[in-house]
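Biologist: I would like to learn how to read aromatic pairs in a protein model. Could you take me through them?

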Amino acid sequence: MAESPAAPPRDARPITLRDLAGMEVQRLAGVGPKTLTGLHHLGIESILDLVSHYPRRYLDRTRQATIRDLRAGEEGMVLATVQSIESRRVRGGRSMVMATIGDGTGRLRLSFFNQGWRVKQLPIGTEAVFHGKVDEFRGQRQMTNPVVDLIGTRTGRIIPVYPQSEKANLSTWELGDLVAQALRRCQPRGLAEPLPAWLRDRHGLVDRATALRGIHEPASMAEMAQARRRLVFDELLRIQVALVRAKRELERSALGIEHSADRGLLDRYLGRLPFPLTRAQDRAIAEIRSDMTRPLPMHRLLQGDVGAGKTVVAVATLLTAIEGGHQGALMAPTEVLAEQHAIGLRRDLAGLTVADREGGLFPERELRLALLTNRTTGVERTRVLTDLAAGAIDLVVGTHALIQSGVGFRSLGAVVIDEQHRFGVEQRAALRVANEDGRVPDVLVMTATPIPRTAAMTVYGDLDVSVLDELPPGRTPIVTSWARTDAEVDAVWELVRNEVAGGRQAYVVCPLIDESEKLEVASANEVFERLRAVDLAGLSVELLHGRMPSAAKESVMAAFRSGDVDVLVATTVIEVGVDVPNATVMVILDADRFGIAQLHQLRGRVGRGSYASRCVLVGAEPTPDGVARLEALVRSTDGFELAEVDLDLRGEGTIMGERQKGQNDLRLASLRRDREWVAHARDAAFALVDGPGGLDAHPQLVDEVDLVLRDDDQEQLLKG
Ligand code: ADP
Ligand code: MG
């Protein structure tokens, strides 16, 4: 049903996105049943859907040439008419369509491989824009598989090309016309502007109406770029406002612990370390302590590459809580890691004392540490649980067993979660549970899987972030190589033998098998048997995989740590955290099956001591993406740089994982291309939320956040 174009009352308020969302698209003139079905296929129901159906690309006809001017070897674009077209069968039953086009200045041959439908699309006499690379075939210029745009009657210098679908059966100019009509109808009342002027000025952003016109009907590519910038900003800002608002609400409602600023215990610990802190460690500890001494609960993420020294920062956090008489918990994702942490902490904290608040004979007592995993059973378990509840244990190290019911603390002051990516959302949330007095512990989440800063702002947007961007001095960089040929692989085992002969140790990581852990274990067994019997015969080789009983795992790890085992053949159970400085070789089999982050993690198991270390990626026939990944690993040892490469290769969809799926607001914005804008949007969100009047001063914006990021999206965004 067509809406009469009568002018609205003069004082009508400007149109909001919510208004547009409430108007059905069939109210536009010319939307009959066929068009409507097509629009619905594209997911377009409302006028808002329509105007946010952005062009996929643009035909820049200022770059249009005539056929006469086309040069072989260069890209070109011409507007021309089809003069002949025919389909032929070629070898293997495939088809080839040959066409000739002309524009009055000359003729050009086109060939399309396996696109038989072109005959129907381009009957003789059709006018279209053709673009592609010009090549020469038997002295004649031609284009192979050019891009074809039917532009109908569209004129103008820049022509938008809309995303379409076969089913929708709508031409790009039909879509363009509908959008143009919708925007025209908005003109009398104008579009409401959710951003304050100062914010638009600060970032040089055009207003909303200009942006919508500029994205759909740009007069130049520069105008389009400006429009895009504004719309990208809007998308990113909505997400950041949702995150920052949630963060502030949490802070308002939660009661934290105001930890003591005394640093006697911390300084005694730091003073005993055989090394000075790196500047990055110093900075991170200062940031954490500043959070902890405030009454708000801390929710902080510590990002640091493998080997950056996150453990020291974790201990500093826990000791800050313990100093004031609270308890600390360090949670690791696996038993192997929890046990390793317990060993390290027992060594580093031995003999440290804390104030005895239970009225013992002496003012001080020894700091007490306990390990709690699923292997802690029977009497030992009962003792640990009793002591935790009584406050007789200051620091507990464990796995997720720590958050099982029945584990109670006297006063849990700080929780550090190591290697966060192994933990689920619920597990993280469970540790935020309040103490009996209603105060929640401070939480530090650590991850060695660096994600680009901008992605972190979105994925962990409700957390504050500290970064260890500096490795302790004196590390010899790990030299990484890629073994593809049989000879190169043989050389790998030679290298392992040589290192072992020199007193060092090696890891061999078995192929990753997605389908099942069972198959993975089988393949690991096979690799293990072969290496022990053939390639590494005579060396002490042991196997470690996730399905072994934990006692067996721990005894293998202990033997490897003590140097009794030369070579550890393992599945990815050794991916995170394992620290054996004497190990200098990491061999990763079928390396192209692993992702960049995982390879980088695995590689980080070596190069932890003062010896020169090597990592060899074994992979014979990787996919193109696999090649790019392996080459990136060979080229760089910087986790943050690799994270950027990963983002480029995989796109944000994967990096954001589940979280991104439910989120439909990122239509134009790309966390890759628009990195800097993520940061701007985050700054702006803080400025708005914390500014005079808070978000209440920006009702329009709040309304858009709630409209566009529907409830489930917001929930999705804030989870974790
Ligand atoms: P990650 O960040 O991977 O958890 P760790 O905390 O395990 O790193 O530290 C890796 C190694 O570096 C450990 O052996 C640790 O003792 C050592 N280390 C940590 N900080 C420093 C420092 N400031 N100077 C020298 N070595 C350090
Ligand atoms: Mg660690």
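Modeller: Here we go through the ring pairs, then the charges over rings. This is a predicted model, where local features need pLDDT of at least 70, side-chain atom pairs count only at pLDDT 80 or more, and totals for chains, interfaces and linings use all residues. Residues are numbered from 1 along each chain as its sequence is written, chains are lettered from A and ligands numbered from 1 in the order in which they are written, and side-chain values use heavy atoms, leaving out hydrogens and water.

Biologist: What describes a pair of aromatic rings?

Modeller: The distance of the centres and the angle of the planes. Rings of Phe, Tyr and Trp (its six-membered ring) pair if their centres lie within 6.5 Å; planes under 30 degrees apart are stacked, over 60 edge-to-face, and the rest tilted.

Biologist: How many aromatic pairs does this rule give?

Modeller: Two. Phe233 and Trp677 are edge-to-face, because their centres are 5.9 Å apart and their planes at 85 degrees. Phe233 is in helix 8 and Trp677 in helix 23, so this pair ties together parts 444 residues apart in sequence. Helices here are DSSP runs (H or I, at least four residues), as are strands (E, at least two), numbered from the N terminus.

Biologist: Are Phe233 and Trp677 buried or exposed?

Modeller: Phe233 is buried, at 0% relative accessible area, and Trp677 is buried at 9%. Buried means under 20%, exposed over 50%, and partly exposed in between (1.4 Å probe, protein chains only).

Biologist: Which other rings pair up?

Modeller: Tyr507 and Phe560, with centres 5.0 Å apart and planes at 50 degrees, so they are tilted. Tyr507 belongs to strand 19 and Phe560 to helix 18.

Biologist: Where does Arg484 lie?

Modeller: Over the face of Trp482, 3.5 Å from the ring centre. A charge sits over a ring if NZ of Lys or CZ of Arg is within 6 Å of the ring centre and within 35 degrees of the ring normal.
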